[in-house]
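Subject: Structure handover

Hello,

Here is the structure I said I would pass on. My notes on it follow below.

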Amino acid sequence: MPNFDSPTLLCDEALRDPYPIYRRMREKGPVYHDHLADAWCILDFDLVRDVLQDSNGFSSHHLADRAEPVLGARVLAQMTGAEHDEKKAVTMRGIAATAMDGYYLPAIERVVKSLWEEIGTTRRTELVCDLASPFATEVTSALLGIDAQWRRKILPWNRSVVEFITLLQQTPDERSRRLADAGYFRAFSLNLIESRRRSPRHDLVSYLAERGSSAGLTDDEIVALALNIFLAASEPLDKTLSYLVHETLRTPTLYEAVTSDSGNIPQMLTETLRLHPPVQIIPRITVGSQDIAGTKIPDGSTVYCMIGAANRDPSKFSDPDKFILARRENSVRKAFSPSADHLAFGSGLHFCIGAMLARRQLETAFQASLPYLAGWQLSKDALVEHGLYTRGPTELVLEKRK
Ligand code: HEM
């Protein structure tokens, strides 16, 4: 039975549907201390953006314990100042050189079409497993340069890395298993760097193996970055494609809007990211005591930037729980830049490096899916969602139209 006086993120209800909990927290003020989670939850859109933009007052130092043991070195999210800017810039140039060309997007289209052809041989499909996850793995592996025969092999290693970073509790056995898996993933990636340095190809690892050191990236940091990109890119892509399909199939007017005019696809994606941000919580640690909207937060406290709550802040978005395709307060023009009206890609120094790429990947995959969707409908109770830090569909069941 949920406790209405002291809402907490540490309950099963939050994993199933956190939005009622966010609302109850918001009723208590824009900054809520979750005693059980021992975290200060920031719920208001403007306050979340302010915290994310203040990297001096709110750091990502927690990643030294949560991520470094599995990634093996510091990643961009832990860096600040000139070091961060240089290493982020060379990575972004690598992404542009590798994926913003004439080859990558047609390859995504081919992957998605072939997944749909396979799905078409059945009468019922679970789309997360049959489309969204393989799409996300394929396009991220292709970006990094991970060959097809390795793509399935690395998935359990990646799962262990994700679990190590995001789960609040783990037994000593789980911890050792995850550390061992992360070790295999790092050894594999180091091999990949060495092999691409000997014979470069058209992929991000080749680019960073050749040019990364000019920006001060060591091989261990390139490995950490590759693992970081694998998890940072694939999970949100998988979840967002599933939500795009779900929203389209459950609302005939949306289906009509995107199939009659592909110019509506960017807006469809923009509103999906606002309503269903796959990264729901961005943690930060206070550096010195901080005052947020009159609440004093002691030095070294954990602050949760509640992206899911901020993106449905009623003082910023009218009818915030509703999907509105041409929403005025969520401009598509800015939606994939640091000045976006939603916070799905974060804000400030650590704004997502892959926002523009994600736009291209998702628009291409969604557009390629539209002709196939005509033959399918949502089954009863089609959607199962799960997750707190990252959240999205774990099941999306479709059945063929009669
Ligand atoms: C729908 C897709 C995506 C979503 C919703 C998303 C979300 C985010 C968010 C919220 C952050 C900020 C984290 C923080 O402030 O601590 C972030 C950072 C980051 N993302 Fe993404 N992301 C997506 C796709 C991608 C892709 C495709 C890539 C890689 C190609 C990527 C790589 C990264 C990296 C490396 C960072 C850290 C940047 C830094 O610290 O400066 N993401 N992402």
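This is a predicted model: local features need pLDDT of at least 70, side-chain atom pairs count only at pLDDT 80 or more; totals for chains, interfaces and linings use all residues.

The iron site

Which residue provides the protein donor of the iron atom? C352 is the only one, through its SG atom, at 2.3 Å. In the chain, C352 sits in the loop that runs between α15 (307–310) and α16 (355–373).

For H84, a side-chain N or O atom is 2.8 Å from a ligand oxygen. For H350, a side-chain N or O atom is likewise 2.8 Å from an oxygen atom of the ligand. A77 takes part through its backbone instead: one of its backbone N or O atoms lies 3.2 Å from a ligand oxygen.

The shell around the ligand

Helix packing

The helix α12 turns up again in a helix pair. It packs against α14 (residues 265–275), with the two axes 10 Å apart and at an angle of about 110°. Angles of 65 to 115 degrees count as roughly perpendicular, so α12 is roughly perpendicular to α14. On the α12 side the contact is made by T240, Y243, L244, E247 and T248, and on the α14 side by M268, L269, T272, L273 and L275. Six of the residues in this contact are nonpolar, three are polar and one is charged.

A second pair is formed by α10 (residues 172–198) and α11 (residues 204–211). How do their axes cross? They come within 9 Å of each other and cross at roughly 75°, and α10 and α11 are therefore roughly perpendicular as well. Here L192, I193, R196 and R197 of α10 meet V205, S206 and A209 of α11. The residues of this contact divide into four nonpolar, one polar and two charged.

Backbone points to look at

Most residues other than glycine have a negative phi. Two residues are listed here with that in mind. D38, which is not a glycine, has a positive phi near 50°, and its place is in the loop between β1 (31–34) and β2 (39–42). A293 is not a glycine either, and its phi is positive at about 50°. A293 is found in the loop between β6 (290–292) and β7 (295–297).

Regards

How values were computed: Residues are numbered from 1 along each chain as its sequence is written. Side-chain values use heavy atoms; hydrogens and water are left out. Donors are N, O and S atoms within 2.8 Å of the metal (3.2 Å for Na, K and Ca); water is not among the atoms, so sites may look incomplete. Helices (H or I, at least four residues) and strands (E, at least two) are DSSP runs, numbered from the N terminus. A polar contact is a pair of N or O atoms within 3.5 Å; within protein, one must be able to donate a hydrogen and the other to accept it, and residues adjacent in sequence count only if both atoms are side-chain atoms. Axes are lines fitted to C-alpha atoms, for helices over the stretch in contact, and angles run from 0 to 180 degrees between N-to-C directions. Angles under 35 degrees count as roughly parallel, over 145 as roughly antiparallel, 65 to 115 as roughly perpendicular and the rest as oblique. Contact means heavy atoms within 4.5 Å. Ala, Val, Leu, Ile, Met, Phe, Trp, Tyr, Cys and Pro count as nonpolar, Asp, Glu, Lys and Arg as charged, and the others, Gly among them, as polar.
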